[in-house]
Amino acid sequence: MSGQVLAPVEPGVREDATGFDLLAPEGTAYRVDLTTGVFDQENPLLARALMGRRVVAFVSPTIEGLHGDRLRAYLNAHVDPGDWSVHTLRTGEQHKTLAAAEDVCATAKAAGLDRHGVMLAVGGGIVADVVGFAASMYARGVRYVKVNTTLVGQVDVGVGVKTGVNALRTKNMLGAYHPAHASINDPAFLTTLPPREIRCGLAEIVKMAVILDEELLRTLEDHPDVFLGRPSADGRLEEYVLRTSMRLMMEELCPNLREHELARLVDFGHTFSPVIETAGNHRLEHGEAIAVDMALSAHIARLLGLADADTCERIVRLLRRIGLP
């Protein structure tokens with residue numbers, strides 16, 4: 001309407017039927033979408049994010065095997081011929097290196113990607129971290145889009161702005177804050193994950209429940225096999241756990257998105273775990289190391305009088321029931 005004055009948008013996280021919008025106080029804004037059938041050709045969400053630009057896609061070996069053909073068919077339908085390519089990126093913390101990010105940049109350069117193009121990351125947290133870091137460096141920063149396919153990716157890496165690689169015998173030593181142009185979660189991917197990866201994602205969800213949400217914590221205690229056992233009849237349990245975890249993480253990140261304040265609730269489980277992972281040569285997965293850290297931190301809190309014995313036992317008992325170390 002002519003002359004209409006729009007109210008200013010206040011910083012914060014806003015949830016709607018298809019996802020979440022975040023506006024940080026310092027002005028960074030991004031969206032995380034929830035969808036089903038992200039690679040169905042009639043689903044326009046990913047195509048809108050790619051905007052007809054040249055696309056260089058990177059996928060994990062698992063995604064290549066399970067969904068590579070569908071991804072190629074989708075790109076073929078929505079991106080001009082010759083303007084897209086798909087490449088496999090090795091996963092595992094030992095491959096999350098500066099050399100891997102350089103290889104992504106070299107692949108993009110060979111594919112003719114310029115500053116108008118898009119890097120597409122399809123996989124778990126390691127693919128998103130490496131490709132996101134490469135995108136932050138390439139031509140001083142290009143767009144990248146994340147399709148998060150693991151539970152850790154959907155509730156943690158996929159809802160934040162951090163990217164990075166391991167270096168100098170330190171986890172995530174090199175990195176950048178580089179928000180994705182689009183971040184897409186499709187819960188259908190979770191049905192193909194092995195139990196170990198589900199449990200790693202549940203560790204991140206336990207973290208959010210312990211620090212912020214008693215109702216979510218009780219739900220996990222009642223259903224420690226969520227995403228592991230037979231799906232609930234109507235899917236509401238899984239949707240509640242996934243959406244609540246995403247919202248809590250984004251709300252906690254929002255006021256301190258670029259970590260100007262280093263004391264963060266979301267670092268529960270991340271005090272000792274980086275050293276545990278690195279010193280053990282990554283024999284423990286990220287989520288498993290977080291579980292060990294949360295148990296250790298709970299016991300230290302008990303010894304210091306910061307938490308009572310019942311709270312400590314409650315945390316450790318839940319981790320055991322999920323099957324985490």
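Student: Is Y138 buried or exposed in this model?
Tutor: Happy to start there. This is a predicted model, in which local features need pLDDT of at least 70, side-chain atom pairs count only at pLDDT 80 or more, and totals for chains, interfaces and linings use all residues. Residues are numbered from 1 along each chain as its sequence is written, and side-chain values use heavy atoms, with hydrogens and water left out. Buried means under 20% relative accessible area, exposed over 50% and partly exposed in between (1.4 Å probe, protein chains only); with a relative accessible area of 9%, Y138 is buried.

Student: Where does Y138 sit, and which backbone oxygen does its side chain reach?
Tutor: Helices (H or I, at least four residues) and strands (E, at least two) are DSSP runs, numbered from the N terminus. Y138 is placed in the loop between α4 (125-137) and β7 (143-148). Leaving aside neighbours within four places in sequence, Y138 has contacts (heavy atoms within 4.5 Å) with C105, A108, K109, L113 and M119. At 2.7 Å, its side chain reaches the backbone oxygen of L113.

Student: How many salt bridges does a search of the whole structure find?
Tutor: Side chains of opposite charge can pair when their charged atoms come close. A salt bridge here is a side-chain nitrogen of Lys or Arg within 4 Å of a carboxyl oxygen of Asp or Glu. Searching the whole structure gives 25.

Student: How many residues apart in sequence are the parts that R70 and D40 tie together?
Tutor: R70 and D40 form a salt bridge, with the closest N and O atoms 3.3 Å apart. R70 lies in helix α2 (residues 61-78) and D40 in the loop between β3 (29-34) and α1 (45-50), so the parts this pair ties together are separated in sequence by 30 residues.

Student: What is the relative accessibility of E277, which meets K171 in a salt bridge?
Tutor: The N to O distance in the E277 and K171 salt bridge is 3.4 Å. E277 belongs to helix α9 (residues 273-279) and K171 to strand β9 (residues 170-177), 106 residues apart. K171 is buried, with a relative accessible area of 11%, and E277 counts as buried too, at 0%.

Student: Which residue forms a salt bridge with R196?
Tutor: R196 is in helix α6 (residues 195-212), and its partner is in helix α10 (residues 286-303), 92 residues apart. The closest N and O atoms are 2.7 Å apart, and the partner is E288.

Terms used: A polar contact is a pair of N or O atoms within 3.5 Å; within protein, one must be able to donate a hydrogen and the other to accept it, and residues adjacent in sequence count only if both atoms are side-chain atoms.
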